Structures are given as C-alpha cells and as structure tokens.
Amino acid sequence: LKSANAAITRLERLPANRAWLGAYDDLNALAEDAAGAIYVVSNVHPDKTIRDATEACELRWADFFSTQGQNEKLYVKAKQVLPRDAIDREYLKTVREGFEDAGVSLPADKRKRAKAINDKITALSQTFDKTVRDANIQLTFDEADLKGVPEAVWKTAKRDAQGKIVLGVDYPTYGPVMDNAVNAATREKMWRAKTNEGGEANLKLLAEIGQLRREYAQLFGFASFADFTLRRRMAQSAGNAKKFLSEVQQAVVEREKKEVDELRAAKAADLSQPQAQINRWD
C-alpha cells in the first residue's frame, strides 16, 4: 500500500504525456500484483486465522482502489493525455470511464456517498463469500448411497461415529457426486445443500447489496444499477437486455421442452418407471 500510494504521488506530478499513461499502467500492475495475492490467500488458505487476517487486508485495498478512482488529479491528467495510436485511445477511454464510474465527477456530497457505498458493498460481498466458504457443510452417506461415484472421491473420506461417510459440498466432491451417483436421493441431498449454501443470512446480504447498487446508480441519474452498468456495453440499457433475453427465450423454449422430454424418457426407460420426471438434481 505504501508503494502504491507513493506511485500515485509520482503520477500526480508527472506531465500528462504518453509516459504518464505507461506509468499509470505500471501503478495498476503493482496494485493488482500486491492485492491479488491477498485475495488468493483469503479464498484458499485452510487456516481461518490467516483468512481473517487477509480479509482485513482486503478492506484496506478496497479503500485504496475506491480512493484512487476518485482522485481528481489523476482524472485531469488522464483527460489531458493525447493518444498516439488506437491502443492508447482505447486504454484512455477505459481509464477515464473508470474514474467517472467511481464518481470523480459527482458533486462533493454525492462523491463521498459513492465511495462509502463502494466500500460497503465490498465489505458485504466479503461477508457473503465468507459465509459460503466457512459454512463447512458436512453430509453423511452410506456406501450404497454413493453407488456410481468414483471411489477416489469417498474411499478415504472421514467417517462419523456411526461409520457413515462424511462429504462436503466443495466442487472436487460435488461435481463427481452429481455426475455419477446412481441414487437420486443422494444427488438431491447434495444439490439442496450446495444450492442453499450461505442460507438466509446471505439472502439478506444480497438484498442489502441490491439496494446499495440501486442507490449508487441513482447518484448518477440512473433508475437501476443494470442501466448504469449496461450504458457502456453493447446492450446499452436494461430494457434492451430484457428484450433480447425474451427473444432468445421464445427462440429456444420449444427446443428446450423437447430435449427435457428426451431426458425424461431416457430416465423412465433406465429406471423402468414410465411416469419418471426430470428434477434439478438429475
């Protein structure tokens, strides 16, 4: 962080030329390399104490990035730099839009609120991910329940006091069970546990994040976060995106019904159950 902030100070003093553009790219590389390692550790380290420490670091980096995004001196320099070629032009466009999306051009009170919202969303998203990561869901199965699942997935797994096999819902386990378990109840049990990972607490977090995103968009004069985000993309607006998705749905719905019915028929034949239905866990 000290190195990154020093780089920002140097950028503020550099003349607005192509060398400035390269120096700005170097700043981003420095920050991404430093912060990226922290995010990896927080997601994969087996020690909760270490994960908790890195999560505190993540929030400090989030503050750095949201502050950088509203740096008026850097924004002015980015607007002054003249591109030498199409690559410069595209990069400058991305840089300038990044500053604008962070709220650098908003009035002071709205700019302050935009930064607060960005930092709050980061913290809530971190809690959301942590709730999923630390849920440590454990499911128990008999060997018969795991018929069809490769032994490498469960043979060396721990057992509970009753001798049942204990499995988590991590992807190296979840995928092979869902793809191979003959027992539908096993697949359903695994699917429901994975789908509900994070539970009610995360539904509340999602609702809060949704409200904050809407407020953020409204600071810029947009009705929704979707409109705010899509204005720079090919769809341009939420209305256009919904119209396109509706057209796609109309184009594929009959084919989807046909393919699902083919799957249902295959399941019915395999189980000798004419009335068999296709479920999510199938």
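Okay, let's start at helix 4: its buried residues are covered by, among others, helix 1, helix 2, helix 3 and helix 5. Contact here means heavy atoms within 4.5 Å, and helices are DSSP runs (H or I, at least four residues) numbered from the N terminus.

Before I go on, this is a predicted model, so to speak about local features we need pLDDT of at least 70, side-chain atom pairs count only at pLDDT 80 or more, and totals for chains, interfaces and linings use all residues. Residues are numbered from 1 along each chain as its sequence is written, and side-chain values use heavy atoms, with hydrogens and water left out.

Which residues of helix 4 are buried? Leu-74, Tyr-75, Lys-77 and Ala-78, where buried means under 20% relative accessible area, with a 1.4 Å probe and protein chains only. They sit on the same side of helix 4, because they cover an arc of only 160° around the axis; that arc is taken from the directions from the helix axis to the C-beta atoms. At the start of this helix, a side-chain oxygen of Asn-71 comes to within 3.0 Å of the backbone nitrogen of Lys-73.

Now the core. A nonpolar core is a set of buried Ala, Val, Leu, Ile, Met, Phe, Trp, Tyr and Cys residues joined through side-chain atoms within 4.5 Å. The largest one has 20 residues, and those touching the most other members are Trp-20, Tyr-24, Leu-27, Phe-64, Leu-74 and Phe-99. Helix 1 (2–13), helix 2 (18–44), helix 3 (48–69), helix 4 (72–80) and helix 5 (86–101) each give two or more residues to this core. Helix 2 has the largest share, six residues. Skipping anything up to four places away in sequence, Phe-64 touches Leu-1, Ala-4, Asn-5, Ile-8, Leu-27 and Ala-31. Apart from that core lies another, of 17 residues, including Val-169 and Val-177.

Is Asp-88 buried or exposed? Asp-88, in helix 5, counts as buried, at 5% relative accessibility. Beyond four places in sequence, Asp-88 touches Arg-18, Leu-21 and Pro-83.

Glu-197 is in the loop between helix 9 and helix 10 (199–219), and at 17% relative accessibility Glu-197 counts as buried too. Its side chain makes a polar contact of 3.1 Å with that of Lys-194. With neighbours within four places left aside, Glu-197 is in contact with Val-132, Ala-135, Ile-137, Val-169 and Asn-202.

For a polar contact, we want a pair of N or O atoms within 3.5 Å; within protein, one must be able to donate a hydrogen and the other to accept it, and residues adjacent in sequence count only if both atoms are side-chain atoms.

Note on methods
Buried < 20%, exposed > 50% of the residue type's maximum accessible area, 1.4 Å probe, protein only.
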